[in-house]
Amino acid sequence: MQLHLVDAFTSAPFTGNPAGVCLTDADDAAWMQAVAAEVNVSETAFVDLSTLAATGEVGLRWFTPKVEVEICGHATLASAHVLFEQGLATSPIAFRTASGVLRAEALPGGGIQLDFPVDEPISALPDGHLADEFADALGAAVVELARCRYDVLVEIPSAEEVRDLEPDLSVLKAASGRGVIVTARAEEDPAPGAPDFVSRFFAPAVGIDEDPVTGSAHCCLAPYWAKRLGRDRLVGAQLSPRGGEVGVELAGERVYLRGDAVTVSRGELLAEATKI
């Protein structure tokens, strides 16, 4: 079984978000969880090519070091990158996942485009929580609070404050949902191609204190900032220490996520599922 380590939403090694990509037709969740814990990056993707010839779809599952998740952008990008790089699938790829069929397409000018469902944010407080709790945990004023399908979105006043955050993770872990997205507008009049908004993503509840670049969070960030900035095509910068950028475009009930990826290592996984 091939095991790759890919940095996603970046073109430079050791930046962006690292993902493990394991090519296997194994269907043992306990084994997958053990592999993900061993790889110990925010997500490890398990790619099953056994159904491609019969159905035209590739199986895909994602695991953090602690739990299986329903959707993951950067590990999907990493998986598509590996399949294109190794010549194992042609563009576009249809991934069969817990979140339905997600498509990945190689872009003519380089990079990969993902077709994901929009996650429309709803202005609301998480059940049992107050805005003051988030302000105290983040050390920043709260401009807006919204609920997404998986996460809580918190807008704060400035990109500088997003960059400098040192949040109280125990409070964020107690908040309902997968994680907490903290975001702000980048600049009033960004230069062409410069980020329109910034974010950071904290998910201690699923074993990830801070995720470097979170593709699926941009399914919520895209409609949030499109309404405020009046444009359907935007660029988001995630200001984690590793950093990375995600291009987004709204298309009805779908959102296109665009980014680059680079393979850092590849090898052979020797611990087979039947031996765990």
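**Cysteines and the disulfide**

C72 is buried, with a relative accessible area of 3% (buried means under 20% relative accessible area, exposed over 50% and partly exposed in between, with a 1.4 Å probe and protein chains only). The model is a predicted one, in which local features need pLDDT of at least 70 and side-chain atom pairs count only at pLDDT 80 or more, while totals for chains, interfaces and linings use all residues. Residues are numbered from 1 along each chain as its sequence is written, and side-chain values use heavy atoms, with hydrogens and water left out.

One disulfide is present in the structure, the term denoting a pair of cysteine sulfur atoms within 2.5 Å. The disulfide is formed by C148 and C220, whose sulfur atoms lie 1.9 Å apart. The link of C148 and C220 is left-handed, with -40° about the S-S bond. C148 is located in the loop between β10 (144–147) and β11 (151–155), and C220 in helix α7 (residues 218–229), so parts that are 72 residues apart in sequence are tied together by the pair. Helices (H or I, at least four residues) and strands (E, at least two) are DSSP runs, numbered from the N terminus.

C219 is buried, with a relative accessible area of 1%.
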